[in-house]
Amino acid sequence: MDRVVCSLLAASPDLVAVVGGGPVQQEFPAEAAGGLQQFGVDVTVGDGKPVLPLSLTVGRWLLTRAGVTPGRGDAPQVVFHSVDQYALPAQARKLGVVLAERAPRVGILAMGDASARRAREAPGAPDPQAQDYDEDVAEALAAVDTHWLGRLSPARDAELMVAGRASWQVLAGAAEGTRMHGRLLCMAAPYGVTYLAAVWHEDAALAETATS
C-alpha cells in the first residue's frame, strides 16, 4: 500500500481525494481524525475526536506513513470522502465525476476490500464464487476497465461480503474520459479477506486504488 501512495504523491496532484465506504456519503475536512479503538487497536491518526470511518482512517494512516500531514501548509490539499457502501452504481460514479472536477490534477486513493466471504468458511475451504469475483475485479483494475467496474451489482456486496465496490465505482467515474494505464501490484487474502492494490495513471491525471 505504501507503493500506491508514493506513486500517487510522485505525480504531484493538486488534490488528493481519499475515498472509502461508510454509512453515508459525507465529506470530511483534511484535519479529521480516525481511530481503531473499536477494533481493539489503540491507534488514532490525526488530532481531535476520531470521526472517520475505517476505510478513511486507514487511508489517512497511509498518507501519514508517506510523510503527509493533511491540513498543513506544506502538504498537498487533501479531502476525505465516504461513499455509502450500498450506493447505486450511478451515485458512486457521479461522486467520482464531481471529485475529478475539483482540481486540474486529482489523485484518488480509493479504499476498499474485495470479498471477505472466505473468512467465514472452514480453513482451507475454497469459495469459487468469491474467488471468481476477486479475480475478475483484479483483472478489471489492472486493465482500467471502468465500464466493467461500473456494472458491478450492489446486490452482490452482502452475498460476497464485499466492502470496496462503491469505492471502485467512484474511481471508475473519476477516470471516465481519460486514457489510463493500470498495474496490479498485489492480490492477497492472508486473513480470508482479499486485498488488492493497483495503480492507474496517465500523463495529465492520476488515480489510485488501494484496499483498507
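Modeller: Welcome! Two strands pair if DSSP finds at least two bridges between them. This is a predicted model: local features need pLDDT of at least 70, side-chain atom pairs count only at pLDDT 80 or more, and totals for chains, interfaces and linings use all residues.

Colleague: Thanks! Which strand is joined to β1 by eight bridges?

Modeller: Strands here are DSSP runs of E with at least two residues, numbered from the N terminus. β1 covers residues 15–22, and six bridges join it to β6 (residues 106–111) in the parallel sense. In that pair, valine 18 stands opposite leucine 109. The eight bridges, also parallel, join β1 to β5.

Colleague: How many residues of β1 are buried?

Modeller: Buried means under 20% relative accessible area, with exposed over 50% and partly exposed in between (1.4 Å probe, protein chains only). In a regular strand the side chains alternate between the two faces of the sheet. On one side of β1, Leu15, Ala17, Val19 and Gly21 are buried, and so are Val16, Val18, Gly20 and Gly22 on the other. β1 is therefore largely enclosed by the rest of the structure, the count of buried residues being eight of eight.

Colleague: Which residue of β5 is the bridge partner of glycine 20?

Modeller: β5 spans residues 77–84, and serine 82 is found in it. With a relative accessible area of 2%, serine 82 is buried. The bridge partner of glycine 20 in β5 is serine 82.

Colleague: Which residue's backbone oxygen does the side chain of serine 82 reach?

Modeller: Not counting residues up to four places away in sequence, serine 82 touches Gly20, Gly22, Val24, Gln25, Gln26, Phe28, Pro53 and Leu56 (contact means heavy atoms within 4.5 Å). A polar contact is a pair of N or O atoms within 3.5 Å; within protein, one must be able to donate a hydrogen and the other to accept it, and residues adjacent in sequence count only if both atoms are side-chain atoms. At 2.8 Å, the side chain of serine 82 reaches the backbone oxygen of valine 24.

Colleague: Which residue takes a positive phi in the hairpin of β7 and β8?

Modeller: β7 (residues 181–188) pairs with β8 in the antiparallel sense over seven bridges, and leucine 184 stands opposite alanine 198 in β8. Five of the seven residues of β8 (residues 195–201) are buried. Six residues lie between the two strands of the hairpin, and the one with a positive phi, near 85°, is glycine 192.

How values were computed
Residues are numbered from 1 along each chain as its sequence is written. Side-chain values use heavy atoms; hydrogens and water are left out. Helices (H or I, at least four residues) and strands (E, at least two) are DSSP runs, numbered from the N terminus.
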